[in-house]
Amino acid sequence: MTIKAVLFDLDDTLYGDFKSCDKLGLMAAGEYLSKEIGIDAKKAADAMNNGRELLRKHCPYEPEMHNRTLFAKWGLEAIGVNPFKYAQNMNDIYWNTVIDNMVIHNGVEKLLTELKNANIPVGICTNMLADVQMKKLCKLGLEDICGILISSEDAGRDKPHAPIFDLACKKLNVSPKQTLMVGDSIKHDIKGALDFNMQAMWLNWKGEAIPELDKPFYVADNFEHAAKQIHTLCDL
Ligand SMILES: [Mg+2]
C-alpha cells in the first residue's frame, strides 16, 4: 500500500459547483438588502462581491478573508452604507443559499464509506472557516464518514502554505509522504501538497490543460475516476 491516509478538499471536490452556488448566494444577500433599504439588489450583491476582492488584497491567505460578514461589511462601507444591521444577515442568507444549492459529486459517499470501513484515516483539508464547512458536510450527509475537518481557520493559514498540511498530518497521525491530497485547485491543493512532500491527485472535472509541475501527480477527470484510482492506491 503506497497511501495510508487521504485528505480531500471540500468545495468543488466533494460537491459542485461552487461558482454557481456563490452567484446565487450573492444574489440572495443582495435581494435581502434591497428589501431592507431599497438599494438595487444587483448593486448590493456586487458590493458584497467587491468586499471579497478588497479583503483578499488586504489579507491574502489569512482565513478571515473567507468571512462573508466581512465581505458585506467591507463592500457596504465602500458604497457608503452602514453595515452594522445588515452584514451578519447577508452572511447567513448567502451561506444558506450556497448550502441549499450544493450538488454532491457521484461516488463521494461510497468512497468515504469504503475508506472508513478499511480504517484508512481521512480528513477534509479546506481553505475556509470551520463553522460553515461543518454545516456543508452535515447537509451533504457526510458528517459520520468524512473523518476530521482541518480548515485553514484551524491552521491559521490557507493552502498552499504548509501549516494546514502539517496540522492535517498531525491530526491523522500520518507522514506526509504516505498521504494523498485530492483537490480541484492546482495552486492550493496540488502544488501545496507536493511542496509539503505529500502525494497529490488533481480533480480536473473542468477538463483544463494539465500543467507541468516539478513533481508528478495523479489526475482524475471526475470524482468517480478519482475513487477508482484511490481504490488501487489504498488496496481497497
Ligand atoms: Mg476546491
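Let's start at G80. Just after helix α3, G80 takes a positive phi of about 80°. Keep in mind that this is a predicted model.

Now step back into α3 itself, residues 68-78. Is this helix mostly enclosed or mostly open? It is largely enclosed by the rest of the structure, because 9 of its 11 residues are buried. Here they are: R68, T69, L70, F71, A72, K73, W74, G75 and L76. Note that R68 and K73 are on that list.

What do these buried residues pack against? Three helices: α1 (18-37), α2 (41-58) and α4 (87-100).

G51 sits in helix α2. G51 has 26 other C-beta atoms within 10 Å, and the cut-off for buried is 20 or more. So G51 counts as buried. Which residues does G51 touch, leaving out those up to four places away in sequence? L70, F71, A72, K73, W74 and G75. Each of those six is among the buried residues of α3. Then look at L76. G51 and L76 are 25 residues apart in sequence, yet 7.6 Å apart in space, C-alpha to C-alpha.

Next, the cores. The largest nonpolar core has 44 residues. Within it, V6, A168, V182 and A200 touch the most other members. Helix α8, residues 162-172, gives the largest share, 6 residues. A second, separate core has 26 residues, including M48, L76, Y94 and V132.

Last stop, V182. Beyond four places in sequence, V182 touches V6, L7, F8, D9, T13, M201, L203 and A226.

Definitions and conventions: Residues numbered from 1 in each chain as written. Predicted model: local features only at pLDDT ≥ 70, side-chain atom pairs only at ≥ 80, totals over all residues. Core = buried A, V, L, I, M, F, W, Y, C linked by C-beta atoms within 7 Å. Buried ≥ 20, exposed ≤ 12 C-beta atoms within 10 Å, placed from the backbone. Helix = DSSP H or I, 4+ residues; strand = E, 2+ residues; numbered from the N terminus. Contact = placed C-beta atoms within 7 Å.
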